[in-house]
Amino acid sequence: MSWDLKEAIEYYRRQGAPGDQNALRNLLAEIQQESGGAIPKHLLGAVAAGLGTKESFLNALIRRFPSLRLADHHVLEVCAGPNCSRRGELARLAEQYRGRVEVKLVPCMRQCGKGPNLRLDGKLYNAADGQLLARLMDELDK
Ligand code: FES
């Protein structure tokens, strides 16, 4: 049988969630595991409704536990140093993903010879272009 969010909510509700924060944390950890390593933000509404609590409370709990991670908070850093940003193309392309990810223009990443450079969630990518950016954004959805 495949995993079912409603059943999981019901199971952890019977375990005491949301009053019992351990049960609530376990539910969120299970959702994270079933979702490939991060909690999809759009599921928080269903969890909150199913447990009779607020989404803001769930967000606060997720922030408190470093092992829990919201899927939609990805940080895309684009090198704005003189070599990488010469044509400004990467920064312009990155702007179209603002909102979906946090876009930051950052100073030289000290990899000038391999640029243009960007970092997604801390991972460095050299020779970045629009194609790489599109592929990385597609992979965030999986
Ligand atoms: S200018 Fe981008 S790494 Fe130096």
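Is Ala127 buried or exposed? Ala127 is exposed, with a relative accessible area of 52%. This is a predicted model. The protein chain is split into domain 1, residues 5–64, and domain 2, residues 75–140. Taken over C-alpha atoms, the centres of the two domains are 33 Å apart.

**Helix packing**

- Helix α2 spans residues 21–34, and helix α4 spans residues 55–64.
- The axes of α2 and α4 come within 11 Å and cross at roughly 85°.
- An angle from 65 to 115 degrees counts as roughly perpendicular, so α2 is roughly perpendicular to α4.
- On the α2 side, the contact involves Gln21, Leu24, Arg25 and Leu28.
- On the α4 side, Phe57, Leu58, Leu61, Ile62 and Arg64 take part.
- By class, this contact of α2 with α4 has six nonpolar, one polar and two charged residues.

**Aromatic pair**

- A pair of aromatic rings is described by the distance of the centres and the angle of the planes.
- The structure holds one aromatic pair.
- The pair is formed by Tyr11 and Tyr12, with ring centres 4.9 Å apart.
- Their planes stand at 90°, so the pair is edge-to-face.
- Tyr11 is partly exposed, at a relative accessible area of 41%.
- Tyr12 counts as buried, at 12% relative accessibility.

**Buried residues and their contacts**

The contacts below leave aside neighbours within four places in sequence.

- Leu43 sits in the loop between α2 and α3, the latter covering residues 44–51.
- With a relative accessible area of 18%, Leu43 is buried, because buried means under 20%.
- Leu43 is in contact with Leu5, Ile31 and Ser35.
- Leu43 and Glu55 are twelve residues apart along the chain, and their C-alpha atoms are separated by 9.7 Å.
- Asn59 belongs to helix α4.
- Asn59 is buried, with a relative accessible area of 14%.
- Asn59 touches Lys41, Leu44 and Leu70.
- Glu77 lies in strand β1, residues 75–79.
- Glu77 is buried, with a relative accessible area of 15%.
- Glu77 is in contact with Lys104, Val106, Met109, Leu118 and Arg119.

**Backbone exceptions**

- Most residues other than glycine have a negative phi, and most peptide bonds are trans.
- A cis peptide bond joins Ala17 and Pro18, with omega about 5°.
- Pro18 is in the loop between α1, residues 5–14, and α2.
- The bond from Gly115 to Pro116 is also cis; its omega is near -5°.
- Pro116 is in the loop between β2, residues 102–106, and β3, residues 118–120.
- Arg110 has a positive phi of about 60°, although it is not a glycine.
- Arg110 lies in the loop between β2 and β3.
- Arg110 counts as exposed, at 76% relative accessibility.
- Ala127 is not a glycine either, yet has a positive phi of about 45°.
- Ala127 is placed in the loop between β4, residues 123–125, and α6, residues 130–140.
- A residue counts as exposed at over 50% relative accessible area, so Ala127 at 52% is exposed.

Conventions: Residues are numbered from 1 along each chain as its sequence is written. This is a predicted model: local features need pLDDT of at least 70, side-chain atom pairs count only at pLDDT 80 or more; totals for chains, interfaces and linings use all residues. Side-chain values use heavy atoms; hydrogens and water are left out. Domain bounds come from an automatic or database domain assignment. Axes are lines fitted to C-alpha atoms, for helices over the stretch in contact, and angles run from 0 to 180 degrees between N-to-C directions. Helices (H or I, at least four residues) and strands (E, at least two) are DSSP runs, numbered from the N terminus. Angles under 35 degrees count as roughly parallel, over 145 as roughly antiparallel, 65 to 115 as roughly perpendicular and the rest as oblique. Contact means heavy atoms within 4.5 Å. Ala, Val, Leu, Ile, Met, Phe, Trp, Tyr, Cys and Pro count as nonpolar, Asp, Glu, Lys and Arg as charged, and the others, Gly among them, as polar. Rings of Phe, Tyr and Trp (its six-membered ring) pair if their centres lie within 6.5 Å; planes under 30 degrees apart count as stacked, over 60 as edge-to-face and the rest as tilted. Buried means under 20% relative accessible area, exposed over 50%, partly exposed in between (1.4 Å probe, protein chains only).
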